[in-house]
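Open the model in your viewer and keep the sequence panel beside it. The stops below say what to select and what is there.

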Amino acid sequence: MGAVHSMTLLMLLAATPEPALIEKLGARARQLETFVNDSRVTVDVVAEELDGDGAVKKTTHTTLRVDRSGGKVERKLLTYTENGKDLTESKRAELEKPPKKEGAGVKSPFHPDERAKYQFAVLAPPGDRPSLVRLGFQPAGEKTDQLYIGDATIDPQTGDVLTLAVRPSKNPRFVDSLSIEATFDAQSPAGRAMSRLTLKGVAGLLFVKQRFRVVTTFSDYASF
């Protein structure tokens, strides 16, 4: 049975979460969003291109200090290497250039602006931490590349998301597969913030496919 069908079956058999928990998760998601949009953070990105056997063909390592304030984003490049070669100065102008438009990324399905698009179900909690809650989610209606299927491990007392694992409910154009895992271990004034984001997938045109793995870590959150 495919992963999508397995999750759908689990959702059908599982109980619906209490509305109060969904409200708490939504409030925490909004609080974290407000903080992140007016904060600074160190971002460390290791991006790998892989061959068909999973061996690494190319590795880039980028470290930036990112400031967000008043809807503006400023980036300061700290280091950039490609296959171990330091190219920081030659890449500085390119990587510090303000984005024309920031990517939306994966917005929490628990965010008040998003949750009506999803249906939620209570799944079995982690075996080693039965006090936590694990929620599954999938689109309530049509599947699109902007809506996700996945699950999250949650602290029901605080409304903090501890881990999140998702995949697009419909793959974007030219993407054969994409999985996204996030861990929220970083401390911030708004509670737990994202500390690690891992993307794995296959994308490309026709017979020219590229396997990739990107691991991003976030540290030293601070508010202005």
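Two strands count as paired if DSSP finds at least two bridges between them. With that in mind, select strand 1 and strand 2 (residues 56-69) of this predicted model. The two strands run antiparallel and are joined by 11 bridges. To see one of these bridges, pick Asp-44, whose partner in strand 2 is Thr-63. Next go to the hairpin of strand 1 and strand 2, where 5 residues lie between the strands. Gly-54 in this hairpin has a positive phi near 90 degrees.

Ser-39 has Ser-223 as its bridge partner in strand 13.

Now zoom out. The chain contains 3 helices and 13 strands. Along the principal axes, its C-alpha atoms fill a box of roughly 55 × 50 × 35 Å. Buried residues account for 37% of the chain.

The next stop is the largest nonpolar core, which has 38 residues. Select Leu-25, Phe-110, Leu-135, Phe-137, Val-161 and Leu-164, the residues that touch the most other members. Then show helix 2 (residues 19-36), which gives the most to this core, with 5 residues.

Stay with Leu-135. Leaving aside neighbours within four places in sequence, Leu-135 is in contact with residues including Pro-17, Leu-21, Leu-25, Phe-110 and Ile-154.

Which strand holds Val-161? Val-161 is in strand 8 (residues 160-168). Val-161 counts as buried because its relative accessibility is 15%, and the cut-off is under 20%. Beyond four places in sequence, the contacts of Val-161 include Leu-25, Phe-110, Phe-184 and Arg-192. For a distance check, select the C-alpha atoms of Val-161 and Lys-72: they are separated by 26 Å, and the residues are 89 apart along the chain.

Last, select Glu-114, in the loop between helix 3 (88-96) and strand 5 (118-123). Is Glu-114 buried or exposed? At 10% relative accessibility, Glu-114 counts as buried. Leaving aside neighbours within four places in sequence, Glu-114 is in contact with Lys-107, Ser-108, Pro-109 and Leu-147.

To finish, show the surface of the whole chain. Its accessible area comes to about 13,000 Å², and 54% of this belongs to carbon and sulfur atoms.

Technical notes. Residues are numbered from 1 along each chain as its sequence is written. This is a predicted model: local features need pLDDT of at least 70, side-chain atom pairs count only at pLDDT 80 or more; totals for chains, interfaces and linings use all residues. Side-chain values use heavy atoms; hydrogens and water are left out. Helices (H or I, at least four residues) and strands (E, at least two) are DSSP runs, numbered from the N terminus. A nonpolar core is a set of buried Ala, Val, Leu, Ile, Met, Phe, Trp, Tyr and Cys residues joined through side-chain atoms within 4.5 Å. Buried means under 20% relative accessible area, exposed over 50%, partly exposed in between (1.4 Å probe, protein chains only). Contact means heavy atoms within 4.5 Å. Accessible areas come from the Shrake-Rupley method with a 1.4 Å probe; for residues, only the protein chains shown count as cover.
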